[in-house]
Structures are given as C-alpha cells and as structure tokens.
Amino acid sequence: MTQTQEPARSRTFSWADPAANAAQIGRRSGIDMLRAMIAGELAAPPVMHLLDMSRMEADEGRVSVELTPQEFHYNPLGTVHGGVLSTLLDTAAGCAVHTTLPAGVGYTSLDLNVKFLRPVTVDSGTLRCEGTVLQRGRRTALAEARITDADARLIAHATSTCLILPLP
Ligand SMILES: CC(C)(COP(=O)(O)OP(=O)(O)OC[C@H]1O[C@@H](n2cnc3c(N)ncnc32)[C@H](O)[C@@H]1OP(=O)(O)O)[C@@H](O)C(=O)NCCC(=O)NCCSC(=O)Cc1ccccc1
C-alpha cells in the first residue's frame, strides 16, 4: 500500500523456518508439541511473530494466548482489525483441539463463527484469548474461544469445528 503520510512508523520482526515444525506434526502428541513450543524447544510459528501473539499456555482441552493491541493491528476505522481478533480466536480454538490429539493425528479448522462484541484499541490493554474444547468426536471437534480485555470484559467470541485427520 502506498504511504501518503510522514513520518511512517516501522516494525521489524523475525521468524524461524516453519519447515522444522511441520516435520514434527504427527510425530508427537498435540500437547507435547505445543508445550515444546511454549518451552522454546520448537520455534513458534511465523504468525505468532507477525501479529505479536505471546504467552501461550496449554492444558488438555484448553489453550490461552495473549496479544497486546498495537497500532499495526489497526483497520481504517482506528480499531483492531476483526481479522486479527479472528486469528487469535482461531489459534486458541484450534490449539485447544490439538491438545486432545495423540501422535499421528492432525486437525484443521473447518469454520470459525465469530461475534465481535466490543471494539479494541491500544487502550484496551492486553487481550487474553482462551480456547476450550466443547466436544470431541472421531472425525470432528467443536471448540469455543473467548477474548477478554485487561478489565476482563468479553471482547469477542467464536465457535469452530475442526476436522480430525489421520497423518501419514
Ligand atoms: C457497536 C457494536 C457493533 C454493537 O454494540 P451494542 O450491541 O449496541 O452494545 P453496547 O451498546 O453495549 O456496546 C458495547 C460496546 O461497543 C462499543 N460501542 C458501542 N457503540 C459505539 C459507538 N457508537 N462508537 C464506538 N464504540 C461503540 C463500546 O465500547 C461499548 O462498550 P461500553 O459498554 O460503552 O464500554 C459493538 O458490538 C461493537 O463495537 N463491536 C465490535 C466491532 C468490531 O470491533 N469489529 C471488528 C473491527 S471492524 C473491521 O476490522 C472490519 C474492517 C476491516 C477493514 C476496513 C474496515 C473495516
């Protein structure tokens, strides 16, 4: 996009080769893999750096992740873009499903039904997104995720169905 105003703000970030993690998918259980990422034994996926998500926690059937709203998350309306919030929700819901999967079993989200309940700005403080598995079947799992702001107000809610896949 063309820059029309000065001075421009800038941001630099780096990430690790995602192929290393992709090779681990299916070799370890979901919770082992997420905990290895949290411990820094495996690199966090690039999207975590792109959006500056942090402080992931993972337990069986539950994952939380945080994001501190910053200007680079903004849409033209001067609030955090709904896609950024949706990415947080998709991450927490999908990873919550992943914690329930043994080695050799993968997943992908099939849908994400999002409700944006309050606008988010840099004044909202650190957002916490918690994903929880509501039901796990043989082929699909239903999860929900909630984003709350620094005052524990509900910001957004999502439900997501994930497909459970055998991995080679
Ligand atoms: C306004 C409404 C949709 C409906 O609210 P209601 O059902 O009537 O409920 P209620 O009246 O209880 O208000 C609740 C809270 O809502 C806020 N608030 C309400 N009125 C105003 C107002 N006039 N102005 C400002 N804020 C207002 C206020 O904080 C209030 O809290 P309070 O209790 O006062 O502290 C609300 O759910 C909302 O803002 N959701 C988030 C939407 C969102 O952020 N979407 C994603 C970003 S869009 C995007 O990225 C797409 C895009 C991309 C690219 C380019 C362009 C676009």
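How many disulfides does the count come to? Zero, by the rule I used, where a disulfide is a pair of cysteine sulfur atoms within 2.5 Å. I'll come back to the cysteines in a second.

First, the ground rules. This is a predicted model, so local features need a pLDDT of at least 70 and side-chain atom pairs count only at pLDDT 80 or more, while totals for chains, interfaces and linings use all residues. Residues are numbered from 1 along each chain as its sequence is written, and side-chain values use heavy atoms, with hydrogens and water left out.

On confidence: pLDDT is the predictor's confidence in each residue, from 0 to 100. The protein chain averages 95, and 97% of the residues score at least 70. The model scores are ipTM 0.83 and pTM 0.92.

C129 is in no disulfide either; its nearest cysteine sulfur, the one in C95, is 10.0 Å away. Both count as buried: C95 has 11% relative accessibility and C129 has 0%. For the record, buried means under 20% relative accessible area, exposed means over 50%, and partly exposed is in between, with a 1.4 Å probe and protein chains only.

Now helix α4. Helices (H or I, at least four residues) and strands (E, at least two) are DSSP runs, numbered from the N terminus. α4 covers residues 82-98, so that's 17 residues, and it reaches 24 Å from first C-alpha to last, close to the 24 Å expected. That expectation is 1.5 Å times one less than the number of residues. Of those 17 residues, 13 are buried, so α4 is largely enclosed by the rest of the structure.

On to the largest pocket, which holds about 670 Å³ of space. A pocket here, on a 1 Å grid over the protein atoms alone, is an open set of points where a 1.4 Å probe fits, with protein on both sides within 12 Å along at least five of seven lines; lining residues have an atom within 4 Å of a point. Points are joined across faces, edges and corners, and the volume is the space filled by probe spheres set on them.

Which residues lie nearest its centre? Out of 33 lining residues, they are L34, M37, P45, C95 and Y107. The elements giving two or more residues to that lining are α1 (19-22), α2 (30-38), α3 (46-51), β1 (53-59), α4 and β3 (105-109). α4 gives the largest share, six residues. By class the lining has 18 nonpolar, eleven polar and four charged residues. Ala, Val, Leu, Ile, Met, Phe, Trp, Tyr, Cys and Pro count as nonpolar, Asp, Glu, Lys and Arg as charged, and the others, Gly among them, as polar.

R55, in strand β1, has a positive phi of about 50° although it is not a glycine. A152 has one of about 65° and is not a glycine either; A152 is in the loop between β6 (140-148) and β7 (154-166). R55 is exposed at 60% relative accessibility, and A152 is exposed at 60% too.

A16 itself is partly exposed at 31%.
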